[in-house]
There are 2 protein chains.
Amino acid sequence: MSSSYGLHRVLEPVGVLPQQAWRLRTDPRAWPDEVVLDVARLNLDAASYRQLREQHGSPEAVREAVLEIIETRGKMHNPVTGSGGMLLGTVREVGPESPLGLRVGDRVATLVSLTLTPLRIEDGLADWTGETEQVPCRGTAVLFGRSIAARLPDDLPDELALSVLDVCGAPALTDRVVREAGPGASVLVLGGGGKSGSLSLVAARRAGAGRLVALVPTEEEAASVRAAGLADEVVVADARDPVGVLDAVGTPVAVTVVCVDVPGCEHGAVLATADGGTIVFFSMATSFAAAALGAEGLAADVRMLIGNGYVPGHAEFALDLVRTEPGVRALFERRERHTSPT
Amino acid sequence: MSSSYGLHRVLEPVGVLPQQAWRLRTDPRAWPDEVVLDVARLNLDAASYRQLREQHGSPEAVREAVLEIIETRGKMHNPVTGSGGMLLGTVREVGPESPLGLRVGDRVATLVSLTLTPLRIEDGLADWTGETEQVPCRGTAVLFGRSIAARLPDDLPDELALSVLDVCGAPALTDRVVREAGPGASVLVLGGGGKSGSLSLVAARRAGAGRLVALVPTEEEAASVRAAGLADEVVVADARDPVGVLDAVGTPVAVTVVCVDVPGCEHGAVLATADGGTIVFFSMATSFAAAALGAEGLAADVRMLIGNGYVPGHAEFALDLVRTEPGVRALFERRERHTSPT
C-alpha cells in the first residue's frame with residue numbers, strides 16, 4: 001500500500017520518512033496517490049551548491065558530484081549540508097487517488113524539498129555546465145499524496161516564478177503572525193533587502209503593520225530597499241551584532257522576522273523584540289540553542305517561531321505580491337540580473 | 001555605565017553579550033544594578049557534564065577541566081557543548097538600582113544560564129569529587145539587571161527545588177500554549193516521564209487540556225507515569241521513529257510538547273500534531289533545520305515554537321505544581337534517589 005508520506009518509496013533504512021532516508025526508490029510509475037513529473041530543471045539550494053563548489057573545485061567535478069549523489073540516493077540530498085532545493089517539470093502521470101489537483105501537461109514547481117523527492121536523471125546532466133545553481137536536465141520525479149507543487153503562472157517568467165516560490169513560506173507566515181499581533185503592530189525584518197525579506201516586508205504592510213523597519217547590511221542595499229519603498233525606516237547594521245541591531249532599531253518592535261542567512265542573528269532579534277512580541281526565524285542558519293538560551297539569558301518574554309516553509313496558499317500569496325508590488329518585483333529582477341550565469 | 005544585559009562585564013570580545021563572550025570580568029563588587037552572590041553549589045547542565053566525562057575520563061580530570069574553564073572564561077561555559085547550568089547561593093550585596101527585589105541573605109537559585117554569569121571560584125573546588133553534576137563550592141557570582149533568580153522555598157528540600165527550577169520554563173510555556181489552544185485541547189507530551197515532561201503534563205491538565213497523552217520510551221517508565229496519574233493515555237514508542245510515534249498516538253493532537261533530550265524527535269512531533277496545531281520544542285537537542293524542513297516536507301500546517309526558558313512567574317508556577325501534585329513530586333523524588341551520588 002502506498003503512504004501519503006512516501007514511506008513506500010524508502011529503500012533504506014526501511015521505516016523512516018523519505019527525508020531521513022539514505023536511498024529512495026525512483027521508478028517513474030505513479031502509485032495510486034502519486035504524481036510523476038518529467039523534470040526540466042533543478043534549482044539547487046544555495047547552501048548546498050556553495051558547499052559542492054568548495055569541496056569539488058571545478059564545475060565539471062561539481063556536475064559529477066551532483067550526478068553521483070542523485071544516482072546513489074535516488075534524490076538530490078546533499079549529505080554534507082542536509083539540504084536539497086526544488087525542481088521544475090511537467091506532469092506526466094497522475095495516480096487516480098492523487099489529492100494534488102494536478103493534470104497531465106501542467107507545468108509545476110515542487111514546493112517540498114528535493115531531499116525527499118524521488119529523482120531519476122536520464123541525460124547525465126549533459127546540458128549543465130556545473131556553474132550555476134539552476135540545473136537544466138531530463139529525468140523524472142515523484143510527488144506523494146502530501147507533497148506540494150505549484151502550477152507555474154503564465155504571466156511571469158519561469159525564473160522569476162521559481163525565485164519567488166523558493167521562499168514563498170516566509171511572506172505567508174509573516175502575514176499570519178502580523179495579523180495575530182493586531183492592527184498597527186510594529187514590524188522589523190532583518191535582511192529586508194533579500195528575497196524572503198522583501199516579500200516579508202510587503203506581506204507585513206498588507207497585513208496591517210504599523211511602523212515597518214528593514215535592517216540591511218550595507219548602504220547600497222539600504223538604497224535599493226528605500227527606492228523600492230518597502231519600509232518606513234531602513235537601517236544599516238550587522239545583524240550578528242545584538243547591541244548594534246538594538247541601537248539601529250531603537251524602540252523594540254512587536255514582530256521581528258529573521259531572513260538573514262548567516263549564523264548568529266538570534267540575540268539581535270531577541271533584543272530588538274518587545275516583551276510579549278514574536279520572532280519568526282526563517283533563516284536556515286538559525287541555531288535552536290542560541291535562540292532558546294539567548295531569550296532565557298536576557299529574560300525576554302518573546303514567542304519564537306521556527307519558520308515553517310508550508311502555509312496553505314503560500315505559493316499564490318507570494319506570486320500575487322510580486323505581481324502587484326512593483327517595488328518587490330524590481331528587487332527580484334535586479335537580483336536575477338546580478339546572479340544570472342555569465 | 002553598567003548595562004542591564006551585563007555588557008560592562010564582557011572582557012573579550014568587547015561589544016558582544018555576556019553569553020557570546022569568550023571571557024567575563026568577575027570582580028565581586030556590585031555595579032549599581034547588580035547583585036553579588038556567595039555561591040554554594042553549581043548545577044552543571046547534563047549535556048555539559050556528560051561531554052566533560054567523555055573527554056576527560058577520570059573524575060579528577062573533570063574537576064580540573066571545570067576549574068580551568070571557569071578560571072579562563074570567568075564563567076562556567078563549556079566550549080564544546082555551549083551550555084552551562086545554574087547555581088545556588090546567598091545574596092551578599094545588592095546594588096542600589098537592582099530591579100530584582102532580592103535582599104542580603106536571601107538564598108537563591110539563578111534561572112539564567114551559567115554561560116552568561118560572571119563566576120569566581122575561591123576553594124579550588126576542593127569539596128567536589130568530580131563525580132556528580134552538582135558541584136559544592138565557595139565563590140562569587142554576579143546577577144545583572146535583566147538576570148533572573150528565584151528565592152529558594154523554605155518548604156521544599158534544596159535538591160528538589162533545584163531540580164524543579166532547572167526546567168521551570170517548560171510547564172509555564174505549556175500552560176500558556178494549552179490555554180491559547182482553548183478548553184479541551186488534546187495534548188501530547190513526548191518524554192512525559194522526565195522532569196520537564198511530567199511538569200508539562202500536569203501544567204497541561206490544569207490549563208484545561210482534554211485528551212492528555214504521555215509518550216515514553218520504556219514500559220517501566222510507562223508504569224511510573226501511570227502510577228503517578230499524570231495522563232489519560234500512556235504510550236510506549238521511540239520518539240525518534242516518526243511513524244511509530246504516529247501509530248502510538250493515533251489521532252493527532254492539538255498541542256505537542258517535546259521534552260525528549262535526544263536528537264531526531266522533530267518529525268514524530270510533526271506527524272503527531274494536527275493541522276492548525278502547535279508544537280513546543282523544549283529539548284536542547286532540537287534541530288532547527290529538521291523541524292523547519294520536516295514540517296514543510298510533510299505539508300504540515302503546524303506552528304512550531306522554540307521553547308523559551310523564560311516566562312514571567314515560571315519559578316513559582318513550577319514549584320507550586322510540585323507542592324500540590326503528589327504524582328509529580330513522587331516522580332522527582334524517585335529520580336533523585338536513582339541519580340544521587342553513590
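User: What does contact mean here, and which residues does A:Leu165 touch?

Analyst: Contact means heavy atoms within 4.5 Å. In this predicted model, local features need pLDDT of at least 70, side-chain atom pairs count only at pLDDT 80 or more, and totals for chains, interfaces and linings use all residues. Residues are numbered from 1 along each chain as its sequence is written, chains are lettered from A and ligands numbered from 1 in the order written, and side-chain values use heavy atoms, without hydrogens and water. Not counting residues up to four places away in sequence, A:Leu165 touches A:Met86, A:Ala109, A:Leu111, A:Ala150, A:Leu152, A:Ala315 and A:Leu319.

User: Which residues touch the most other members of the largest nonpolar core?

Analyst: A nonpolar core is a set of buried Ala, Val, Leu, Ile, Met, Phe, Trp, Tyr and Cys residues joined through side-chain atoms within 4.5 Å, where buried means under 20% relative accessible area (1.4 Å probe, protein chains only). Among the 121 residues of the largest one, these are A:Leu165 and B:Leu165. Another core, of 62 residues including A:Phe281 and B:Val245, lies apart from it.

User: How is a sheet read, and what is the strand order in the open sheet of chain A?

Analyst: Strands of a sheet pair through backbone hydrogen bonds, either parallel or antiparallel. Strands are DSSP runs (E, at least two residues), numbered from the N terminus, and two of them pair if DSSP finds at least two bridges between them. The six strands of chain A run 6-7-3-4-5-8, with antiparallel pairing. Strand 6 (119–121) and strand 8 (149–151) of chain A each have a single partner strand, so one side of each has no neighbour in the sheet.

Technical notes:
Buried means under 20% relative accessible area, exposed over 50%, partly exposed in between (1.4 Å probe, protein chains only). Helices (H or I, at least four residues) and strands (E, at least two) are DSSP runs, numbered from the N terminus.
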